[in-house]
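Hi,

Here is the structure I promised to pass on. Have a look at it first, and then read my notes below.

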Amino acid sequence: MHELSVTENVLEIALSHANASLAKKVTDIYLVIGQLSSIVDDSVQFYWDYISENTICAGAKLHFNRIPAKFRCINCDHEFQMKDELTACPNCGSMQTTIISGEEFYVDSIEIEKEVDKGI
Amino acid sequence: MSAIRVPVVEKIFSANDRMAELNRNLMNSHNIFSINLMASPGAGKTSFILETIKRLNHSLRIGVIEGDTAPVTIDADKVIAAGMPAVQINTGGDCHLDASMMSDGLSQLPLSELDLVIVENVGNLICPAAWDLGTHINVLIASVPEGDDKPYKYPNIYRGLKVLVVNKTDLTPYVKFDMDYFRRGVEMLNPGLVTFPLSCRTGDGFYEWIEWLKSQVRTHQSNS
């Protein structure tokens, strides 16, 4: 897929939330990526190291929470998980299904460091 | 220093999605219906657009945005030769169009003189699926010689489609393409998807597509 654009977008989102929280540094970024969103984690990490340089996100660790693709059979209501490729419902053989997870693609949270408020 | 977890919960393509919404609003304000046409390279996107223009026979005013990875104007030139305004967007090697490129394309079209904008996305079955351009519907052209297993291999692009076109049906006697197997895969990803099997070369099946398209544009314009 287009890992560079993905990584640029992640950086932009992380920076805007970090700045809004007056962060000095971003240490961790938690991403939620469904199995049907075909991105390659290693490529994102590779681009990340380059594009986050000289920002407060430099050196931050990316965490990928992969959500499996799950389907619900319209015919018999059985729920099943996709392994490598699309399959019919293992319970009744129907291919009429709805997708219940696997399309997630968002930044869930970031971990930041900020100067401790010394108080008044 | 203290470590703090900050909740974000923001879609990775949220910036693109916001721009897409602006594009959609801009087209709505001009009473324009638009389609994002996706397919693999060689599925017949440009031929399909040209045949659609020809068969609409000036009943709709059409503008075309051609996305290409290389700075060539071959496709746009063909559309202009067919008598419709077209702009070529060079993605500079990127594998897909995004909402910002779409916005560029729209700015070069005479919007007040159009009913329909057709966007020909970059030939690719993976990347274009992730980027909302701000068009009203996504259309995919699958073609018979590509094989019947594409829904199984590229599931993402079949999600979010409003219409599926199966092109080059005239080649069915010569290549192995099990339409039932193909349709079962599609059904799993997008139940009840409107599908038009047709051939740009023979014109078979085109009538149904053209009538459907006209009715979509009419409905959109009467609701605007």
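Start with a cluster in chain B: ring pairs join B:Phe48, B:Phe196, B:Phe206, B:Trp209 and B:Trp212. Keep in mind that this is a predicted model.

Over all chains, the structure has 13 aromatic pairs. Take B:Phe48 and B:Phe206: their ring centres are 5.7 Å apart and the planes sit at 40 degrees, so this pair is tilted. It links distant parts of the chain, with B:Phe48 in helix 2 (residues 45–56) and B:Phe206 in helix 8 (residues 206–223) of chain B, 158 residues apart. Both B:Phe48 and B:Phe206 are buried.

Now try B:Tyr152 and B:Tyr181. Their ring centres lie 4.4 Å apart with the planes at 10 degrees, and planes under 30 degrees apart count as stacked, so that is what we call this pair. B:Tyr152 belongs to helix 5 (residues 150–153) of chain B and B:Tyr181 to helix 7 (residues 179–189) of chain B, so the pair ties together parts 29 residues apart in sequence. B:Tyr152 is buried at 9% relative accessibility, while B:Tyr181 is partly exposed at 26%.

Over in chain A, find A:Tyr30 in strand 1 (residues 25–34). What sits over the ring of A:Tyr30? The charged end of B:Arg5 does, 3.6 Å from the ring centre. Leaving aside neighbours within four places in sequence, A:Tyr30 also has contacts that include A:His63, A:Tyr106 and A:Glu111. With a relative accessible area of 19%, A:Tyr30 is buried, because the cut-off is under 20%.

Cheers

How values were computed:
Residues numbered from 1 in each chain as written. Chains lettered and ligands numbered in written order. Predicted model: local features only at pLDDT ≥ 70, side-chain atom pairs only at ≥ 80, totals over all residues. Heavy atoms only, no water. Helix = DSSP H or I, 4+ residues; strand = E, 2+ residues; numbered from the N terminus. Buried < 20%, exposed > 50% of the residue type's maximum accessible area, 1.4 Å probe, protein only. Contact = heavy atoms within 4.5 Å. Phe/Tyr/Trp six-rings, centres within 6.5 Å; stacked < 30°, edge-to-face > 60°. Lys NZ or Arg CZ within 6 Å of the ring centre and 35° of its normal.
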